[in-house]
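Subject: Structure for your review

Hello,

The structure you asked about is below, with its sequence. My notes on it follow.

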Amino acid sequence: MSFSQQKLDVHSFRQAGRSTIAITLGVILTLTLLRLFPKQLLPAAVMVNEPVSNQSVSSQAVNNQGTQPIALSEGPSNFVAMAINQVGPAVVQIDTERTVATNVPSPFFEDPFFRGFFGNDMLPQLPREYQERGEGSGFIVDRSGIILTNAHVVSGADKVSVTLRDGRTFEGEVKGTDEPSDLAVIKIEGDDLPVAPLGDSDQLQVGDWAIALGNPLGLDNTVTLGIISSVNRSSSQAGIPDKRLDFIQTDAAINPGNSGGPLLNAKGEVIGINTAIRADAQGIGFAIPVNTAKTIKDALAQGEKISHPYIGIQMLTLTPEVAQQFNNDPNAGRIVPDVDGVLVMRVLPSSPAAEGGLRRGDVVVEIDGETITEAEQLQDLVEASQINQALRFKVRRNEQIQELTIRPQELQDAT
């Protein structure tokens, strides 16, 4: 071995020694720092703690301080999941079939001249009727098999099938429908049926959470989340003037097939029945308040007809703008005063209003001693009355006050 090689070996040995000493010092320094400042240098997931109990570690978790056990959650992760777990099993899919007759121009195709000219084999054979299928949603409200849904979901149906979330399918019987409130009751026969808890829609406030369940567009078990956008939205404001109730407005998505499904609050209680959307808007849906359904569901289940008093007028809340527009009409025939009240725009022939002497252009200012300022208020008073009950109307006709007696009749008898 040459002198230069010996010198190189000595130099390499010294370098290795220095590296070993540096690594050793680094390890000692790290261990010292970890001992002095363990919480600052180690993540909570790897910190070592004293045993906190004799329970199995697999069923315990450590809190942020690393000192107390916290049981691992096995339940719903949020209030929406909790609500779905509570109500979801009671939400059903409703499939309907109805026979629809077609308007076939049979005399034209059966004319001997055309049959002789074209031949029987060339003439189209159009069906006289076909089966129309529909779908919607509903929810079970009684273990005996009572289901609430929309009247328009089952209207005219020849066959109704009800499918639960667990896969069970039943033949449904429509026990009763009420078109003015768009509510219907279906009955199924089954055991161990889940039930959706009913809440109190009178306690709703704008901004409350709203959870819509149903089967929109055939996509069963669909959930959407939003808020209560408005309460006591009149049917005329909602664009559904043929209904006789005030709606819950929500921005929770409601699509075709959602009809009849429940609208829930954050507690997982049914607060409404999803029923309609505004075709000219997005994020505006409407639900029937569950308290409205509570008042008539038992009667519908018994097959009873629901009474809806009516007087037979078209009306508007009188404002300066409405009064001016009416007075500018050359066919109005009178001058509407600028007062608070409800303007009668039309009186239906042979209606209770017509028989009681109410006329177009009258301004209703009082009913049974109660001051009237809005059309919705007048509608609610009539709806709350009884058939043939004498209602004392006070109206402004030109500059005079007229007192009239009008007796409401049954709406469904007039249609």
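Helix 3 (residues 79-87) lies across strand 9, strand 10 and strand 12 (262-264), and runs at about 40° to strand 9. Helices (H or I, at least four residues) and strands (E, at least two) are DSSP runs numbered from the N terminus. Contact means heavy atoms within 4.5 Å. Axes are lines fitted to C-alpha atoms, for helices over the stretch in contact, and angles run from 0 to 180 degrees between N-to-C directions.

Before going on, the basis of these notes. This is a predicted model, in which local features need pLDDT of at least 70 and side-chain atom pairs count only at pLDDT 80 or more, while totals for chains, interfaces and linings use all residues. Residues are numbered from 1 along each chain as its sequence is written, and side-chain values use heavy atoms, with hydrogens and water left out.

Strands 9-10-11-14-13-12, in that order, form a closed barrel of 6 strands with antiparallel pairing. The average twist from one strand to the next is 45°. Two strands count as paired if DSSP finds at least two bridges between them. Strand 9 (residues 209-214) and strand 10 (residues 222-234) pair in the antiparallel sense over 6 bridges, and Trp209 stands opposite Ile227 of strand 10. Strand 13 and strand 14 are antiparallel and joined by 5 bridges; here Ile273 faces Ile288 in strand 14. Strand 11 is joined to strand 14 by 3 bridges, again antiparallel. Strand 14 is mostly covered, with 5 of its 5 residues buried. Buried means under 20% relative accessible area, exposed over 50%, and partly exposed in between (1.4 Å probe, protein chains only).

**Thr250**

Thr250 is in strand 11 (residues 246-250), and its bridge partner in strand 14 is Gly285. Thr250 counts as buried because its relative accessibility is 0%. Its side chain reaches the backbone oxygen of Ile227 at 2.8 Å. That is a polar contact (a pair of N or O atoms within 3.5 Å; within protein, one must be able to donate a hydrogen and the other to accept it, and residues adjacent in sequence count only if both atoms are side-chain atoms). Leaving aside residues up to four places away in sequence, Thr250 touches Ala210, Ile227, Ser229, Leu263, Gly283, Ile284 and Gly285.

Another 6 strands close into a barrel in the order 3-4-5-8-7-6, with antiparallel pairing. The twist there averages 40° from one strand to the next. Strand 7 and strand 8 run antiparallel and are joined by 5 bridges, with Asp178 opposite Leu183 in strand 8. Helix 7 packs on the sheet and touches strand 4, strand 5, strand 7 and strand 8; its direction makes about 45° with that of strand 8.

The 12 residues of helix 7 should span 16 Å at 1.5 Å a residue, and the end C-alpha atoms are 16 Å apart, which agrees. The expected span is 1.5 Å times one less than the number of residues. Val290, Asn291, Ala293, Ile296, Lys297, Ala299, Leu300 and Ala301 of helix 7 are buried. Their cover includes strand 4 (129-142), strand 5 (146-149), strand 7 (169-178), strand 8 (183-187), strand 13 (270-277) and strand 14 (285-289). Just after helix 7, Gly303 takes a positive phi of about 80°.

**Nonpolar cores**

A nonpolar core is a set of buried Ala, Val, Leu, Ile, Met, Phe, Trp, Tyr and Cys residues joined through side-chain atoms within 4.5 Å. The largest has 47 residues, and Val162 and Leu164 have the most contacts inside it. Helix 7 (residues 290-301) supplies the largest share of this core, 6 residues. Apart from it lies another core of 18 residues, among them Ile313, Met315, Val344 and Ile372.

**Two loop residues**

Ser350 has a positive phi, near 60°, and is not a glycine. Ser350 lies in the loop between strand 17 (342-347) and helix 9 (352-356), and is exposed, with a relative accessible area of 66%. Asn388, also not a glycine, has a positive phi of about 75°. Asn388 sits in the loop between helix 10 (375-383) and strand 20 (391-397) and is partly exposed, at 46% relative accessible area.

Regards
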